[in-house]
Number of protein chains: 2
Amino acid sequence: MSEILSGKDAARAMNERIKDDARRLRKEGIIPTLGIIRVGENESDLSYERGAVKRAEALGVEYKKYILPEDVSQNELLEVIDEVNNDDKIHGVLLFRPLPSHIDSAAAENALDPKKDVDCMTDMSLCGVFTGKDIGYPPCTAEACMKILEHYDISCEGKNVVVIGRSLVIGKPVSMMLLKKNATVTICHTRTKDMKTIAKSADILIVAAGRAGIINKDYVREGQIVIDVGINTDSDGKLCGDVDYTSVEPIVSAITPVPGGVGSMTTSVLISHIVQAAGKKN
Amino acid sequence: MSEILSGKDAARAMNERIKDDARRLRKEGIIPTLGIIRVGENESDLSYERGAVKRAEALGVEYKKYILPEDVSQNELLEVIDEVNNDDKIHGVLLFRPLPSHIDSAAAENALDPKKDVDCMTDMSLCGVFTGKDIGYPPCTAEACMKILEHYDISCEGKNVVVIGRSLVIGKPVSMMLLKKNATVTICHTRTKDMKTIAKSADILIVAAGRAGIINKDYVREGQIVIDVGINTDSDGKLCGDVDYTSVEPIVSAITPVPGGVGSMTTSVLISHIVQAAGKKN
């Protein structure tokens, strides 16, 4: 029987801190504000937007929407990005992707001022994650992993952490963040040989493979902490992680559930970045 | 008795390829050219400059020097960087650092066009190393490690590679380059616990700790390949690596010596970047 590392609980505690920070800023006359740039009416964008807006409002963060038609031109989009870059009242920006295929996505993404890049979309933000320099913000999901560990007082110092996955959204950035916390980090991926032995060697195992249930009881041992970043749908249409929870949970020392784990924290991390960005305006 | 992975031999082979490429470009009317920006007359800069110039000339690469006084202003330096950025005849640039203390180094370094950043000085070049995007060039020493492995037909695919050191000059970039080659990468550092066990688990061990002889026979086993990135001076004033060569060499399968290893390749890598940059001008 392992400890359940609840992303919901961690988010709740984080939300209180965000609310306090937002309240303090508002007293100083700064209203933390999220700019939302959306092209078209994609349902998954709309769903994410509703969640972000609801969470923002609950935490004392305003928002301003810039809704553009599906056939918006590159120049019109760049003009809107330029507008938010130059608007001191917008502190962080969410630009929904993928963008329509006629848009040069890389150019649009990198047009955003990294200081307002609360979702780590620009190359310069990624550079900040790699170098440890104060440029932009790390990807929300990668940071959510770190914040869950922090919430449960799990130190990374000198720990052997195995990260499964090498994407720019999770694997690589979380590895850099773990290194910064003095973890010894091993990065595994589809070409890794003898993943079972390597996974078992971890004190903390971070699974971001993007494949349902690929980590089962053969990959874990007693005493480990498992962070499951995966969000997949199983054959019954239910949400599930990259970890086979039923077989792994009884063995390890602590584990994040799916749903209710890492995914429950990402919006809070996003909102915290907006409040941080607003605070830097001082 | 292990195989000696000679950086000199690898550099010699690389130099032949560079010469061929430079010759081909010259036939097309492109003269690969290095711009050297030096502030002041620091002896170590001058020594490195002599080596680079000599190697460039031998390989068919021209150079142009921009020598600035020790008391050059930030603006004057930025103007020179702007000049080389806009000069189509300069393909790669070497800017000696550290710069004098009155100069904002980060601003000067990042003023260079990443396309000409043959020594990985800019944030954007580091971003390229992290993301795998074609931006700038990786740090010469990190690439030298990869080139030595390549020269000796040592594949990284699926291998467990342990990197000791997490600097932005070697540890982190070489880890990203190894990941790109499908190695499973473990990054260790001063806070790593049980380094001996971790080092012994490696198929390939890359040592960039920056401390003379810290890896001795207790950290290695039969069958390993050891790349020693360290360049230190021992108590007798002799060059030595981070690996205690005398105790390690008889155990492992292959090892780079110091001197004559990684350090012997870095200038060739630098010149290869200039020729690559010149080729991209087509």
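A rotation of 180 degrees, with 0.0 Å of shift along its axis, superposes chain B on chain A at an RMSD of 0.0 Å in this predicted model. That is the relation of a two-fold axis. In chain B, the C-alpha nearest the axis belongs to B:Thr186, at 2.0 Å from it. An open sheet of 12 strands takes in strands of chain A and of chain B.

**Symmetry and interface**

- Two copies of a chain are related by a rotation about an axis and a shift along it.
- The contact takes 22 residues from chain A and 22 residues from chain B.
- On the side of chain B that touches chain A, α5 (123-131), α7 (171-180) and β6 (184-188) of chain B each supply at least two residues.
- The largest share of that side, six residues, comes from α5(B).
- By class, the side of chain B that touches chain A holds 10 nonpolar, six polar and six charged residues.
- The copies meet through the same surface, because 100% of the interface residues of chain B are also interface residues in chain A.

**The sheet across the two chains**

- The strand order in the open sheet is β1(A)-β11(A)-β8(A)-β7(A)-β5(A)-β6(A)-β6(B)-β5(B)-β7(B)-β8(B)-β11(B)-β1(B), and the pairing is mixed.
- Its edge strands are β1 (3-4) of chain A and β1 (3-4) of chain B, each of which pairs on one side only.
- Where the chains join, β6 (residues 184-188) of chain A and β6(B) pair in the antiparallel sense over three bridges.
- A:Val185 has B:Ile187 as its bridge partner in β6(B).
- Within chain A, strand β5 (residues 160-164) runs parallel to strand β7 (residues 204-207), and four bridges join them.
- In that part of the sheet, A:Ile164 stands opposite A:Val207 of β7(A).

**Strand β7 of chain B**

- In a regular strand the side chains alternate between the two faces of the sheet.
- From strand β7 (residues 204-207) of chain B, B:Ile204 and B:Ile206 point one way and B:Leu205 and B:Val207 the other way, and all are buried.
- Strand β5 (residues 160-164) of chain B pairs with β7(B) in the parallel sense over four bridges, and B:Val161 stands opposite B:Ile204.
- β7(B) also pairs in the parallel sense with strand β8 (residues 225-228) of chain B, over four bridges, where B:Ile206 stands opposite B:Ile227.

**Strand β4 of chain B**

- Strand β4 (residues 92-95) of chain B is covered on both faces: B:Gly92 and B:Leu94 are buried on one side, and B:Val93 and B:Leu95 are buried on the other.
- Strand β2 (residues 33-39) of chain B pairs with β4(B) in the parallel sense over four bridges.
- B:Leu34 has B:Gly92 as its bridge partner in β4(B).

**Helix α5 of chain A**

- Helix α5 (residues 123-131) of chain A is largely enclosed by the rest of the structure, because eight of its nine residues are buried.
- The buried residues of α5(A) are A:Asp123, A:Met124, A:Ser125, A:Leu126, A:Cys127, A:Gly128, A:Val129 and A:Phe130.
- The cover over these buried residues comes from both chains, and includes α4 (105-111) and α7 (171-180) of chain A together with α5 and α7 of chain B.
- Just after α5(A), A:Gly132 takes a positive phi of about 80 degrees.

**B:Thr266 and helix α10**

- B:Thr266 lies in helix α10 (residues 266-280) of chain B.
- With 23 C-beta neighbours inside 10 Å, B:Thr266 counts as buried, because the cut-off is 20 or more.
- Apart from its neighbours within four places in sequence, B:Thr266 is in contact with B:Cys140, B:Thr141 and B:Ala144.
- B:Thr266 and B:Glu143 are 123 residues apart in sequence, and their C-alpha atoms are 8.0 Å apart in space.

**Domains of chain A**

- Chain A is divided into domain 1 (29-123) and domain 2 (140-263).
- The C-alpha centres of domain 1 and domain 2 of chain A lie 30 Å apart.

Key
Residues numbered from 1 in each chain as written. Chains lettered and ligands numbered in written order. Predicted model: local features only at pLDDT ≥ 70, side-chain atom pairs only at ≥ 80, totals over all residues. Contact = placed C-beta atoms within 7 Å. Nonpolar A, V, L, I, M, F, W, Y, C, P; charged D, E, K, R; others polar. Pairing = 2+ DSSP bridges. Buried ≥ 20, exposed ≤ 12 C-beta atoms within 10 Å, placed from the backbone. Least-squares fit on C-alpha atoms with pLDDT ≥ 70 in both. Domains from an automatic or database assignment.
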